[in-house]
Amino acid sequence: MSKTTAESSTLSGAVLLEWKNLTVSVQPSSDRQLASANQWHGRPGHQKKKEITLLRNANGAVRSENLVAIMGPSGAGKTTLLAAISMRITGSTTVHGKVLINGLYVTRTQMKQLTGFVPQYEIALQTLTVAEHLTFVARLKNVGYVTVLRIVNELGLQGCWDTRIARLSGGERKKVNLAGELLTEPDILFCDEPTTGLDSFNAASVMKTLQCLCANGRRAVICTIHDPPSQVFQCFSDVILMQDGGTVFYQGPTADRVDFFNSIGKQLPTSGNPADFYFQLVSPDASTFAASQAEEAIHRYEVVRKACRENIARKCLMTRYHQAKIIQKLANNKHRVCRAKQLLILLHRTALDSFRNVREYLTVTAIFLVSIPQQTVSLPQVMNYCSTFPPQFTSVVIAALYYEVRPATQTSIQDIRGALFLMISELVYTISYGVFYTFPSEMPLIRREVGEKSYNLSVYYVHKVLYSVPRAFFESFLFIGVVYAFVGFTTDIVTYCCMSLVSSGASILAMAYGYLLSCTTGTMNMAIETSNIVFLAFMLLGGLYLNLRAFPLLKYLSFFFFASEGVSVYYWLPMESIPCNGTSNVNETTTCLANGKAVLEDAGYATSYEALHLNYLIMAIEIVLVHLLAYLLLRKFVRKAGFY
């Protein structure tokens, strides 16, 4: 009785994935490719780009308990087929055809709720332990801790529970990726080359794990795989063999492969790896026939199509696939948390990752200081330095150059102006450059987690902005504090705090422009090249090199201006008297700046604290608008690039 009940439960929970007439095409990537391949069509004057077909009229079916291998030579369309049936293709790629689960048409969002996708390479923060990584994934997917422990025990990850991901072996990393997808208990699991980069032992271990996941009709697993060893190939229950051009050569159970290949005149070797024979069979050189063999080729093609149709029909008629389970699972889907909780989880994860990188930050800082003159530090290291460690060493250099400079004479005014402008210039430059590396370095993680609906892209962007704000304040106070102590400014602690606060606001605006340039160009190198031009214009509008009276509106685009005017007003305005005859070498044509207000008027800056209120308002609005534009560009870039 119990056996019958178990079988009934297995059948009622069975899942059937079907795909019909799937065709995938993409636009050519370059004009050179268009010209060489003659990829234009249409009448003259109305020509359009002809799309390149990656997959042609693919049909198939996979049911629970199947462990399917999609095999074929490079460029045959293995990953394209996997992405098409999992509905993970985005961007400029065009997909035609139908994908059904238990006879139901599903959307891309519904497919992601019912299935899991394991990418080829591990995508996770390397500083986190297995426990921390899976806990964060579980919290984002609203999965309980008990489920995490069950999955860990099932995959045999107890031994590396407290080990950082960076120190795991290749096989363990694959299992960690697999564990993250199994938390939501998907009915179908897609794996993109799960054995890539693994030795034979670890490859066999991963495949044994996947085989166990399919046992007793628990789920279906579909893998792309390239040149599997014999012991790995034996784990698969079904094979989809693809040939060059994106067409399916054979699809069916591995047990039927001998009869099939005998029917088309291809005898399977009794010894050796069957996968080697398959790759020789579907290689581009083996797919051509002489004119005298045309009828034989047509006969073989018809046999292949008949075998595929029989295999699909056999799977669809094996048992009854209930649609109620799929509808109920979609209706009761709770594997997503609210935006506020997403924000807190991401802030926690980023803070933990930064804390784990403290030693690296200090090391990179030391290398940066010692090796920059010899240009031996790589650009990513410099960006890591700028984005993670305060630039107080630059402030030491500035403080040494302007040590004990005091505005006791008219000639000292120029020194103070130079010290103030150089101080804020180095500060905002360093902070703005520090964020260039943020999105390019984390783009694989963003595309992966946003693509799987773990969190919203807007939440991710907001969490990055919020996390950078305290750093802007901390670095501003520290940087200006070092200069303030050494130069010996004649003002009090309140002035220091006001100068640091206005510099912090300008630094936040500089970060916003850094994010904007990074999202606009998509790469760190291009962002740096573009910033050299943009920031040069902004620096000229800072007030030291150009008369700001000639640019009454344009100056408000420059974060150098906000910082320079704010710092200058807070420094100079309290000075009521500066001696005009302090030196004997002042000639009669020299204008005497008798007080701090005269110094501000001479530079074209505001002469009252109330005038700075407008600056604060404009700066706040500008910060919001620049961040909004940067987010829109980031969203456009992610959607265009796709999620996988």
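**Figure 1. Lining of the largest cavity in the predicted model.** Three helices, α5 (130–140), α7 (170–182) and α19 (438–451), each supply at least two residues of the lining of the largest cavity. Helix α7 gives the most to this lining, with four residues. In total, 15 residues line the cavity. Those nearest its centre are Ile123, His133, Val137, Glu181 and Arg448. The space inside the largest cavity comes to about 210 Å³. The structure shown is a predicted model, not an experimental one. When the whole structure is searched, three cavities of 30 Å³ or more are found.

**Figure 2. The open four-stranded sheet.** Four strands form an open sheet in the order β4-β1-β6-β7, and their pairing is antiparallel. The edges are taken by β4 (52–63) and β7 (104–105). Each of these edge strands has a single partner strand, so one side of each is left without a neighbour in the sheet. Helix α3 (residues 78–85) lies across β1, β4 and β6 (94–101). The direction of α3 is at about 120° to β1.

**Figure 3. Strand β1 and its two partners.** Strand β1 covers residues 16–26 and pairs with β4 in the antiparallel sense over eight bridges. With β6, β1 also pairs in the antiparallel sense, over seven bridges. Glu18 stands opposite Ala61 in β4, while in β6 the bridge partner of Glu18 is Leu100. Leu22 faces a residue of β4 as well, standing opposite Ala58. Nine of the eleven residues of β1 are buried, so the strand is largely enclosed by the rest of the structure. In a regular strand the side chains alternate between the two faces of the sheet.

**Figure 4. Helix α14, its length and its buried residues.** Helix α14 runs over residues 339–356 and has 18 residues. At 1.5 Å a residue, α14 should span 26 Å, and its end C-alpha atoms are 26 Å apart, which agrees. The buried residues of α14 are Gln342, Ile345, Leu346, Arg349, Thr350, Leu352, Asp353 and Ser354. An α-helix has 3.6 residues a turn, so residues three or four places apart point the same way.

Figure 5. Gly505 has its place in helix α21 (residues 493–521). Is Gly505 buried or exposed? Gly505 has a relative accessible area of 15%, and because buried means under 20%, Gly505 counts as buried. Neighbours within four places in sequence aside, Gly505 is in contact with Met619 and Ile623. Ala472 is 33 residues from Gly505 in sequence, and the two C-alpha atoms are 8.1 Å apart in space.

**Figure 6. The chain as a whole, for placing the close-up views.** The chain has 644 residues, of which 51% count as buried. Its secondary structure comes to 25 helices and twelve strands. Among contacts between residues at least 6 apart in sequence, 77% join residues at least 24 apart.

Terms used: Residues numbered from 1 in each chain as written. Predicted model: local features only at pLDDT ≥ 70, side-chain atom pairs only at ≥ 80, totals over all residues. Heavy atoms only, no water. Pairing = 2+ DSSP bridges. Contact = heavy atoms within 4.5 Å. Axes fitted to C-alpha atoms, helices over the stretch in contact; angles between N-to-C directions. Expected span 1.5 Å × (residues − 1). Buried < 20%, exposed > 50% of the residue type's maximum accessible area, 1.4 Å probe, protein only. 1 Å grid on protein atoms, 1.4 Å probe; cavity = no way out; pocket = protein on both sides within 12 Å on 5 of 7 lines; lining within 4 Å. Points joined across faces, edges and corners; volume = space filled by probe spheres on them.
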